[in-house]
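Here are my notes from a look through this one, with a few spots worth checking on your own screen. Have the sequence open alongside.

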Amino acid sequence: MPFESEKLAPDTWRINDTGCTAYLVCGEREGAMIDTGDSTEDLRAYAESLCGKSVRMVMNTHGHFDHTGGNGFFSVAFMGEKAAQIAKIPNGSQPIGEYPLDYAIVTVSDGFTLDLGGRVFEAFRMDGHSPDCIAWLDRRERILFTGDNMNMVPMKYKCVDPQPSMLLYMQSVAKLLTRREEYDWILVGHGRELISADQVNHTMMAALRALDGELDTPKLPPRKPGEDKPGGHKGDKGPDYSKHDPADNGFIEYKDARIMFNKRYLKDTTRYDTVIGT
């Protein structure tokens, strides 16, 4: 198998070399994946070999193909409604015939729960990185799975216009903060370890700074030639925002939270149906 994994918490594994960072979570009855990456290898067989239980379901954080490409090795995937519109569309460099795509999709929103047997996950719909993102709260292990909506948040759709609203994103983060006493850790879509849930607080502080008109200069660590982003696949150098006017690019941070955004959409409250790119 081309995958590598590490156990991060009881019945919780990080699986690398899948395109994103995918997570295997198990309850008393069965297991499930949180995102599946975009490897063409049989991720389900590897996941079941780790936990020794049936793993037939996926909980997706959003519809970008680097998070959904492996869904077809499983029976059903739970995701946001708009995410479902693009979840089966490979990136331009990935031939569609390489991926099994005949899995079922169940669309979910706020309050949906999935019980794996003594381990319940709750969905939180979020605006931000992609339309209809879903954060998944693991009540038993007190972990929040946030996909690409925390840590380094690229709030830019893969088209010129429209772009995500900082104000709507803040409303989504506020939902997570109202339940802050229920989780201690977050796991992100391109990361290697458990992160203190204080980052949710820090993300709101960063967003408030942006809303107040403040800007920072990006201080992203340089990558060596040929180096992949954490949790990424070979040759993955991150999003290409060359189509955007550089004058519209905004960056804000607070402690360990960083957000990229479009300054023209800072206070826009429109929920766009635009779902482009993978």
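1. Let's start with a proline. Once neighbours within four places in sequence are set aside, Pro162 is in contact with Tyr157, Tyr265, Tyr272 and Thr274. Keep in mind that this is a predicted model. Pro162 sits in the loop between E12 and H3, and its relative accessible area of 11% makes it buried.

2. Look at the backbone here too. The peptide bond from Asp161 to Pro162 is cis, with omega near -5°.

3. H3 covers residues 166-177, 12 residues in total, and spans 16 Å from first C-alpha to last, close to the 16 Å expected at 1.5 Å a residue.

4. Which residues of H3 are buried? They are Met166, Leu168, Tyr169, Met170, Ser172, Val173 and Leu176. A reminder on reading such a list: an α-helix has 3.6 residues a turn, so residues three or four places apart point the same way. The cover over the buried residues of H3 includes strands E9 (120-126), E10 (133-138), E11 (143-147), E12 (152-154) and E16 (257-262), along with helix H4 (198-211).

5. How do H3 and H4 run relative to each other? Their axes come within 10 Å and cross at roughly 155°, so the two helices are roughly antiparallel. The crossing of H3 and H4 is left-handed. On the H3 side the contact is made by Met166, Leu167, Tyr169, Met170, Val173, Ala174, Leu176 and Leu177, and on the H4 side by Val200, Asn201, Thr203, Met204, Ala207, Leu208, Ala210 and Leu211.

6. Past H3, have a look at Arg179, in the loop between H3 and strand E13 (185-188). Its side chain makes a 2.4 Å polar contact with that of Glu182. Beyond its neighbours within four places in sequence, Arg179 is in contact with Glu122, Phe124, Leu137 and Arg139.

7. Finally, two backbone angles to check. Asp11 has a positive phi, near 55°, without being a glycine; Asp11 lies in the loop between strands E1 (4-9) and E2 (12-16) and is partly exposed at 26% relative accessible area. Arg142, also not a glycine, has phi near 60°. Arg142 is in the loop between E10 and E11 and is partly exposed, at 29%.

Notes. Residues are numbered from 1 along each chain as its sequence is written. This is a predicted model: local features need pLDDT of at least 70, side-chain atom pairs count only at pLDDT 80 or more; totals for chains, interfaces and linings use all residues. Side-chain values use heavy atoms; hydrogens and water are left out. Helices (H or I, at least four residues) and strands (E, at least two) are DSSP runs, numbered from the N terminus. The expected span of a helix is 1.5 Å times one less than its number of residues. Buried means under 20% relative accessible area, exposed over 50%, partly exposed in between (1.4 Å probe, protein chains only). Contact means heavy atoms within 4.5 Å. Axes are lines fitted to C-alpha atoms, for helices over the stretch in contact, and angles run from 0 to 180 degrees between N-to-C directions. Angles under 35 degrees count as roughly parallel, over 145 as roughly antiparallel, 65 to 115 as roughly perpendicular and the rest as oblique. A crossing is left-handed if the near helix is turned anticlockwise from the far one by less than a right angle, and right-handed if clockwise. A polar contact is a pair of N or O atoms within 3.5 Å; within protein, one must be able to donate a hydrogen and the other to accept it, and residues adjacent in sequence count only if both atoms are side-chain atoms.
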